Amino acid sequence: MNRMDSLKDKTKKHLVIYTMAGDPEMKATETAIYSLADAGVSLIEIGIPFSDPVADGPTIQRAGEIAIAGGTTIANTMELVKKVRKTVETPMVFMLYYNLILSYGTEKFIDDAIKCGIDGAIIPDLPFDEEEGFYEYAKKSGFYIIYLVSPTNTPSRMKKIVEKSSGFVYYILQKGVTGARKKSSGELKELRVIKKIAKKPVFAGFGISTPEQASVVANYADGVIIGSSFVSLVEKCGSDMAKLKVETGKFVKSFLKRL
Amino acid sequence: MLPDKKGFFGKYGGKYAPETLRAVVDELEACYLRAKKDPSFKKELDYYLEYYVGRPTPLYRADRLSKRYGAKIYLKREDLCHTGAHKINNTMGQILLARRMGKKRIIAETGAGQHGVATATVAAMFGLKCAVYMGEEDIRRQSLNVFRMRLLGTEVIPVTSGTKTLKDAMNEATRDWLKNVDTTFYIIGSVAGYHPYPMMVRDFQSIIGREARKQILAAEGRLPDNVIACVGGGSNAMGIFYPFLNDKSVKLTGVEAAGLGIKSGKHSATLNAGRVGVLHGAKSIVLQDKEGQIMGTHSISAGLDYPGVGPEHAYLKEIGRVKYGMALDREALAACILLSKLEGIIPALESSHALAYLEKMEYRRGSIVIVNISGRGDKDMGTIMEYTGENIK
């Protein structure tokens, strides 16, 4: 059993929120995780910062620089997860770049992630057809690797990615990097195609920042992924944990209402 | 024949690309493989290399330098290419592919500015829109090249993220490409990045080695004992080494930038001090801290200031075919001054690292050595003045 199997629930649209570990400090990440879980999100994505995040826009880049400067690592993020896991049942995944995993040790990463209560990983620079051994070990261990599908993928590649992704399929709503867009209709036509071939949940992300945009996308996807706009909220709250808690609750509610 | 179908040289290489780029990288690979077999592509490229770039470049016997070291030293004069460095061998090849793919806009990253200038040049010649990403720190160090690019009609976009040097310029160019993937062709300047770039850039640069091999046979009637080139990302070195790889008697040496010394932590000696990692789309050797964060680098030469290295170099080191040495900032500077005074050739500070290695070699009587002068030093006058003062002796 993997906690992410709860994402198969088709009676509702799922809300996934990304938060950067250690931005601006671990205490804030801890508060954010408790608050997100309380507010009823379906999945929490915990970002682990990398020095060269090519798929990320300015908001997450900045959060990552702050987190690295504060000493955030895979190891101390796992410590945090272990602590919050005592009470939080919500599925949690890591989002990080492959070099960090390679440096940590690929099998050790999976073993330790499972031990601390992480259910899977999203790795934007690891395509499904590289690192066969890593994929096999994750599969054997029941650790879900979520692969990303882009609107630019050829139909045959899309199909293979959908087949290999576990937990859900991460649909990149529009070309470019993470972060808010003014116009965010995204590539909904392709999303329809993927929904047709996927027997697993399809969640869409990249560029969704408002409940209005989310509600449009949710007409097509099983869930939406919100990253940069939540990271901006955390940034605004600074070291005020009480405020972070309240604002997180409000933020999540504003999205859930429209899904 | 390497790389294999998936773009690997042994365990190094690959296509660690975000999915949004996958289709265009695959398309580029297919287009390149078709072009490689197409005689009309070769004809077109050869034409521009001869009449626009100015190839073949001479293999010059440097007599006074030879006398100093007691060996016959030849210089492969890539500094005499149009724009002043080897970089244009590759940008010319890639822009012809961009035209074949119908792309209207070109982007590139640059460190020293030589690749940026070479890209801006061919973009101007073919009338394509061009944007070059360059770290703020490099813009300061290489202001002359920045102006050259602007004069050529290219937009130079300052990069303020991370270490503000080449790796960050590559990150920003990648982000641009992710956004504009339908219209834009990314001309990568080194033997780095996603497959097919390391192979393709090597192939375009290997004209250096093919010419040098033919020229030395004509001049000396035999192959050289040593071939030396500097290595940042490694394109000029790959270019000159590649045609000699099967000549087992020829010793090949890449020279990395040791900066202020390995122990100081201020260097760019990736193969000497790095370990396996994935950066900018390929698995290779990478300078990184114990957590896997990519390290800031230092070199007197902006063109070597890069924490990664082409995957084929990582492979050639592993199998022992190429030896990778190092030269310090001050050794490179001294070599630059020495060549200027002895031969009347002012080499780029990058190429000066290869020249500095001449001091560290042992020569047999009658040894023949080829050093790749990858570029000319005009762009480095500001840096050299900073180090030596204006009243250089």
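This is a predicted model: local features need pLDDT of at least 70, side-chain atom pairs count only at pLDDT 80 or more; totals for chains, interfaces and linings use all residues.

A: Contact means that heavy atoms lie within 4.5 Å. Residues are numbered from 1 along each chain as its sequence is written, chains are lettered from A and ligands numbered from 1 in the order written, and side-chain values use heavy atoms, with hydrogens and water left out.

Start at A:F109. Leaving aside residues up to four places away in sequence, A:F109 touches A:I74, A:M78, A:F94, A:L96, A:I101, A:Y104, A:A121, A:F134 and A:F143.

Now the wider setting. A nonpolar core is a set of buried Ala, Val, Leu, Ile, Met, Phe, Trp, Tyr and Cys residues joined through side-chain atoms within 4.5 Å. Buried means under 20% relative accessible area, exposed over 50%, and partly exposed in between (1.4 Å probe, protein chains only). The largest such core has 142 residues, and A:F94, A:F109 and B:L97 touch the most other members. Helix α1 (residues 19-37) of chain B gives the most to this core, with 7 residues. Helices here are DSSP runs (H or I, at least four residues), as are strands (E, at least two), numbered from the N terminus. A second, separate core has 30 residues, including B:L59, B:A229, B:I240 and B:L252. In soluble globular proteins, nonpolar side chains tend to be buried together.

Next, the chain contact. Chain A brings 34 residues to it and chain B brings 37. Together they bury about 2,800 Å², and carbon and sulfur atoms give 47% of that. Buried area is the accessible area (1.4 Å probe) that two parts lose on being put together, summed over both. A:D52, A:V54 and A:E130 supply 20% of what chain A buries against chain B, more than any other three residues.

A salt bridge puts a side-chain nitrogen of Lys or Arg within 4 Å of a carboxyl oxygen of Asp or Glu. The rule finds 6 salt bridges across this interface. B:K167 forms a salt bridge with A:D52, and their closest N and O atoms are 3.0 Å apart.

As for confidence, the complex has an ipTM of 0.95 and a pTM of 0.96 from the predictor. Chain B has a mean pLDDT of 96.

Methods:
pLDDT is the predictor's confidence in each residue, from 0 to 100.
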